[in-house]
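Here is a briefing on one protein model. Look at the structure first, then read the points on confidence, helix packing and aromatic pairing.

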Amino acid sequence: MTHGTNPASASGTVSLTADEVARQSLATGAVGPALLAVERAWTGFGDWTTAQAHIRSVATGNVDADDDTGLYYGAPAVAFLLQAAADRHPRLRAASQTMDEHVLRLTRRRLDRAATRIERGQPAIFAEYDLFHGLTGVGALLLRHHPRSDELAGILRYVVTLVTRPRHEDGVKLPGWWVAHDPDKNMPTPGGHANFGMAHGIAGLLSFLALATVDGRVVDGQREAITQLTQWFDRWQQDGPDGPWWPQWITREELHAGRPARTRPGRPSWCYGAVSIARALQLAALATDDPQRQHAAEAALAASLTDTQLNRITEPGLCHGIAGIFQTAYRASLDAHDPGLANRLPALTERLIRHTPPVVVQNDDQMDAAGLLTGRAGVELALETARRGTPPHTGWDACLLIT
């Protein structure tokens with residue numbers, strides 16, 4: 001089934017077509033629908049024939065294994081899919097192992113490149129460290145399937161360095177994860193910014209370190225790094241009538257002022273905001289055995305799930321819609337001290353169903369509409385969790401760093 005898989009070399013000697021690039025995207029391409037098909041096959045709501053067809057559409061042909069690939073695109077994304085189904089078929093296990101070897105080689109190259117950047121004193125970029133494109137996302141993949149690898153230990157040491165070694169620029173002390181570029185081309189941040197989000201910022205770093213710690217994968221300085229990140233969130237926490245909130249990012253000017261320019265939170269979501277930050281802080285509390293912080297994190301998450309907050313949500317997707325909020329709250333409820341979060345899940349499920357658009361026939365030009373982050377596949381995967389009331393069999397939501 002995957003006999004034709006041909007990872008492109010790091011030197012870029014294999015040219016990929018536009019279709020090949022699109023199909024191996026976890027964010028917007030064919031990997032998301034394939035994960036949905038595999039999840040449904042595992043639970044009996046679908047069949048393996050359909051799942052195999054989806055896997056073939058992703059894993060047959062050239063796969064990008066160049067240095068700009070990450071969890072949401074290329075060899076790591078294909079590896080994530082194959083790992084979700086590998087227990088079912090011997091041929092899938094062989095293909096999964098082959099793809100993992102390419103991911104491990106990619107990881108070593110990425111770590112070498114990051115070390116060189118740090119030695120030169122240059123600022124970090126999203127593509128180096130974040131969940132979507134960077135080493136944190138690759139680390140999430142290795143944590144599940146290569147937890148004792150030297151490569152995972154290397155990523156953990158890299159993240160610890162990023163967190164605990166500040167940079168100095170023009171006489172200003174900046175955190176190691178400070179980036180010189182804008183968070184979005186339409187949102188300029190003169191002098192760069194420090195990002196708080198799960199997708200591109202320190203909520204992702206904190207979740208990754210905390211999950212690794214809970215799993216027993218710890219390197220020197222890891223607990224110190226967790227403490228520094230939680231203290232950063234403590235420093236920038238804002239208290240409002242709807243509970244605590246944090247800025248999406250801070251600029252040089254805001255860092256100097258010691259307060260964010262915004263006076264109210266953005267809408268709740270997985271990618272930015274209190275929902276994912278509270279989950280990251282909850283995981284940190286579990287990793288450090290801190291009941292007081294865990295209670296505060298769960299209270300902050302519960303406060304972000306009120307009708308007032310959720311009425312601001314206008315879309316269904318995982319990234320900044322109700323599906324991502326539901327899946328994050330569901331995972332947090334499994335670890336919560338009290339049933340408050342679990343009691344809110346039925347109302348979240350109702351909102352998820354209400355926001356879910358009717359099924360439409362997709363064509364090749366509508367791949368994004370079928371994808372994981374903002375498309376149908378992500379919504380349907382969250383609905384599978386809601387329908388069954390048990391954790392996903394494939395563990396697909398590990399790509400969100402909430403578990």
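The notes below go topic by topic.

The model is predicted. Its protein chain has a mean pLDDT of 93.

**Confidence**
- In the chain, 94% of residues reach a pLDDT of 70 or more.
- Residues 9-13 fall below 50. This stretch still has 7 contacts in the model beyond near neighbours in sequence.
- Residues 361-367 also stay under 50 in pLDDT. For them the model has 6 contacts beyond four places in sequence.

**Helices α2 and α18**
- Helix α2 spans residues 31-43, and helix α18 spans residues 376-388.
- They pack at an angle of about 20°, with axes 8 Å apart. Angles under 35 degrees count as roughly parallel, so α2 is roughly parallel to α18.
- The crossing of α2 and α18 is left-handed.
- On the α2 side, the contact involves G32, P33, L35, L36, E39, R40 and T43. They meet A377, E380, L381, E384, R387 and R388 of α18.
- By class, the α2 and α18 contact residues are 5 nonpolar, 2 polar and 6 charged.

**Helices α10 and α12**
- Helix α10 covers residues 222-236, and helix α12 covers residues 274-288.
- The angle between them is about 140°, and their axes lie 11 Å apart. Roughly antiparallel needs an angle over 145, so α10 and α12 are oblique to each other.
- The crossing of α10 and α12 is left-handed.
- From α10, the contact uses R223, I226, T230 and F233. From α12, it uses I277, L281, A284, A287 and T288.
- The contact of α10 with α12 has 6 nonpolar, 2 polar and 1 charged residues.

**Aromatic pairs**
- The count of aromatic pairs comes to 11.
- One of them joins F196 and W232, with ring centres 6.1 Å apart. Their planes stand at 40°, so the pair is tilted.
- This pair links distant parts of the chain, with F196 and W232 36 residues apart.
- F196 sits in the loop between β5 (193-195) and α9 (202-214), while W232 belongs to helix α10.

Note on methods. Residues are numbered from 1 along each chain as its sequence is written. This is a predicted model: local features need pLDDT of at least 70, side-chain atom pairs count only at pLDDT 80 or more; totals for chains, interfaces and linings use all residues. Side-chain values use heavy atoms; hydrogens and water are left out. Axes are lines fitted to C-alpha atoms, for helices over the stretch in contact, and angles run from 0 to 180 degrees between N-to-C directions. Helices (H or I, at least four residues) and strands (E, at least two) are DSSP runs, numbered from the N terminus. Angles under 35 degrees count as roughly parallel, over 145 as roughly antiparallel, 65 to 115 as roughly perpendicular and the rest as oblique. A crossing is left-handed if the near helix is turned anticlockwise from the far one by less than a right angle, and right-handed if clockwise. Contact means heavy atoms within 4.5 Å. Ala, Val, Leu, Ile, Met, Phe, Trp, Tyr, Cys and Pro count as nonpolar, Asp, Glu, Lys and Arg as charged, and the others, Gly among them, as polar. pLDDT is the predictor's confidence in each residue, from 0 to 100. Rings of Phe, Tyr and Trp (its six-membered ring) pair if their centres lie within 6.5 Å; planes under 30 degrees apart count as stacked, over 60 as edge-to-face and the rest as tilted.
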